[in-house]
Amino acid sequence: MKIGEIFITSLFKFSHYNKLLLVKKFKTFIYLLLLAFIMLLGVAAKISPIFITYGSIESLISKELPEFNITDGRLTCKPYKFDDPKSGLYINIDPSIEGEGELPSGYPQAAVVTATNLSIRNNYKVQHEKFKDFPDFSKNSIVNFFNKYEKKLLIGGSILLCLVFVIKLAWNAVLYALLAYIVNLIFIHARLKYGDIYKLTIFAGTFAVLFNTLLSLVNIGFVAQIAPFITLFYVIKGTMSCRADEGIIIETLDEPGDTQANDNFNDNDNNFDDNNENFS
């Protein structure tokens, strides 16, 4: 099967899922890379407004980042605040405050900076840092860094992120395939090994990847929580289809033409026995 056929079959042709078992390992890995690339495109689409507006990360930092300097673990700069509930982004920089700042609730992306501390929330994962653990640096040093390495960082970051997505998809497929394998043993009884179900799980993740990628572009994040159930539904449906195909193959052995052929064979066999008796 070509990659396009695999893609279409994986999306909605459950009755043809048995054909996916014939896809070679190398092509299955290529397909896994395709799914990871789709996820990467979703990330690129989310950050594309930055490049449309500013042209580069360096330009964004140069225009939007206020002047600052961190020396001996202390921040000096003008206060800065950005609050956009629509996009779920919150930034508050206030060097007049000491210690750890408090991150506001309801923002997937938030950062609070004080004279001595940095607090960041990224998709509900919170991280706290102290400036005394940082080397001395300023806005100019960051602008110069991106001026020199931005293209390499974007290319390297894209490759690294794609590999991360491949590993994530492959690892998730291990868990989903195990659950589907147990369901198959108890309820479906298709003659499939774990490796077969694992391969089906890779392809069964197509719809969840597309759905999650598209909806994440409009900041609908709950799909990430239901994506495993979508994948499990697809792989179980595909396993049931493979079991149904086994039944069809068995039934075709007893078609009317085959029955007539068997009867003719039995008649010839009886005639052969009669001739042996007459000879005797």
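Two strands pair if DSSP finds at least two bridges between them. Strands are DSSP runs of E with at least two residues, helices are runs of H or I with at least four, and both are numbered from the N terminus. With that in hand, take the hairpin of β5 and β6, which has 3 residues between its strands.

This is a predicted model, in which local features need pLDDT of at least 70, side-chain atom pairs count only at pLDDT 80 or more, and totals for chains, interfaces and linings use all residues. Residues are numbered from 1 along each chain as its sequence is written, and side-chain values use heavy atoms, with hydrogens and water left out.

Strand β4 (residues 89–93) and strand β5 (residues 109–113) run parallel, joined by 5 bridges. Tyr 90 has Ala 110 in β5 as its bridge partner. The next pairing is antiparallel: β5 meets strand β6 (residues 117–122) over 5 bridges. There, Gln 109 stands opposite Asn 122 in β6. β6 and β7 are also paired in the antiparallel sense, over 6 bridges. In this pairing Ser 119 stands opposite His 128 in β7.

Rolling a probe the size of a water molecule over the atoms shows where empty space is left. The search runs on a 1 Å grid over the protein atoms alone. A pocket is an open set of points with protein on both sides within 12 Å along at least five of seven lines, whereas a cavity is a set where a 1.4 Å probe fits but cannot get out. Lining residues have an atom within 4 Å of a point. Grid points are joined across faces, edges and corners, and a volume is the space filled by probe spheres set on the points.

The second largest pocket holds about 170 Å³ of space. Its lining consists of Ile 120, Arg 121, Asn 122, Asn 123, Lys 125 and Gln 127. The elements that give two or more residues to this lining are β6 and β7. β6 gives the most, with 3 residues. By type, the lining of the second largest pocket divides into 1 nonpolar, 3 polar and 2 charged residues. Ala, Val, Leu, Ile, Met, Phe, Trp, Tyr, Cys and Pro count as nonpolar; Asp, Glu, Lys and Arg count as charged; the others, Gly among them, are polar.

Turn to another open sheet, built from 3 strands in the order β2-β1-β8 with antiparallel pairing. β2 and β8 are at its edges, each with a single partner strand, so one side of each is left without a neighbour in the sheet. Strand β1 (residues 68–71) has a covered face, Phe 68 and Ile 70, and an uncovered one, Asn 69 and Thr 71. Between β1 and strand β2 (residues 74–77) there are 4 bridges. Ile 70 has Leu 75 in β2 as its bridge partner. Between β1 and strand β8 (residues 137–138) there are 2 bridges, and Asn 69 is partnered by Ser 138 in β8.

The hairpin of β1 and β2 has 2 residues between the strands. Asp 72 lies in that loop. Asp 72 is not a glycine, yet its phi is positive, about 55°. His 189 sits in the loop between α5 (139–188) and α6 (194–204). At 48% relative accessibility, His 189 counts as partly exposed.

Last, the buried positions. Ala 36 is part of helix α3 (residues 25–54) and is buried, at 0% relative accessibility. Ala 36 and Ile 167 are 131 residues apart in sequence, but 9.1 Å apart in space, C-alpha to C-alpha. Cys 162 counts as buried at 14% relative accessibility, and Cys 242 counts as buried at 5%. The whole structure has 0 disulfides (pairs of cysteine sulfur atoms within 2.5 Å).

Conventions:
Buried < 20%, exposed > 50% of the residue type's maximum accessible area, 1.4 Å probe, protein only.
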